[in-house]
Amino acid sequence: ADVEAAKRAAAKTAVANHYPKDARWVGIGSGTTIVYVVEAIKALGVDTSATRYVPTGYQSRQLIVTAGLTAVEFDAVPAGTVLDVAFDGADEVDDELNCIKGGGACLFQEKLVAMQAKEFICVADSRKLQSRLLSSWKYIPIEVAPIAAFRVLRKLKELGAIDPVVRQNMDAKEGPLKTDQGFFLVDAPFPPMLTKSDVQAGKVSGKDSVWEVNELSEKIKSIAGVLDVGIFSGLTGPQATAAGGVGGQRPV
Ligand code: DER
């Protein structure tokens, strides 16, 4: 119960501090913490009739609609529209606000929406905060084209992944889980990743399969067949610099 209370408290703080009262476009993430974000938005009591909420997957869209808010799919958002803000959860957050995301299999649309927002607000209770990513959460979720999955597994092992697997459905006889894009998810365990300040302090990225966050993210992203990687770091959304900070990310 205290975990749920912590999620609710983080969500209330995030909305109180970062939901613009005149918001017109708001990104809504996936998972369980985001449920409390929508609850907190409703509790603000502001007029949301002119506000459009952009989901990051089926569960996110159902959450918006069930809350009586107006959902507009990412591909229906008018070209060039910059979202006022995007809220989402994370599986783990490090000292430099890098995030592991994808535990809920929605990482691709979550990244699309986050990148389209002035400010990306990561809502995470204290369990998620670690000095380095993969300290507590053990793997990087990666969305891959089904036909390329086994080749991607081999390439990930070359980068030092430890027994990466294709994520199966809960009922394994149904085979691999399919994302909203019809892709597979590969879950790739790696040793804890270095932060930029670790590297500045002289720690060597890539040695013994210990990578700096951005470097590993880019290497994985460059493997043919990878659609996207569940590492959110240094998001440079359209107006992120205007929001100040790296990608405007704020853990709360
Ligand atoms: O899949 C994701 O990235 C989700 O945001 C996520 O895993 C966070 O979920 P939680 O709020 O239920 O912990």
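Two strands are said to pair if DSSP finds at least two bridges between them, and helices (H or I, at least four residues) and strands (E, at least two) are DSSP runs, numbered from the N terminus. This is a predicted model, in which local features need pLDDT of at least 70 and side-chain atom pairs count only at pLDDT 80 or more, while totals for chains, interfaces and linings use all residues. Residues are numbered from 1 along each chain as its sequence is written, and side-chain values use heavy atoms, with hydrogens and water left out.

**View 1. Strand β10 and its partners.** Strands β8 and β10 run antiparallel and are joined by 6 bridges, with F184 of β10 as the bridge partner of V144. Strand β9 (residues 165-166) also pairs with β10 in the antiparallel sense, over 2 bridges, and here V166 stands opposite V186. Of the 6 residues of β10 (184-189), 5 are buried, that is, under 20% relative accessible area (1.4 Å probe, protein chains only).

**View 2. The buried side of helix α7.** In α7 (residues 213-221), the buried residues are V213, N214, L216, S217 and I220. They lie on the same side of the helix because they cover an arc of only 165 degrees around the axis, taken from the directions from the helix axis to the C-beta atoms. Their packing partners include β8 (139-144), α5 (149-158) and β11 (226-229).

**View 3. Surroundings of I140.** Leaving aside neighbours within four places in sequence, I140 is in contact (heavy atoms within 4.5 Å) with residues including V186, F190, L216 and I220.

How values were computed:
Buried means under 20% relative accessible area, exposed over 50%, partly exposed in between (1.4 Å probe, protein chains only).
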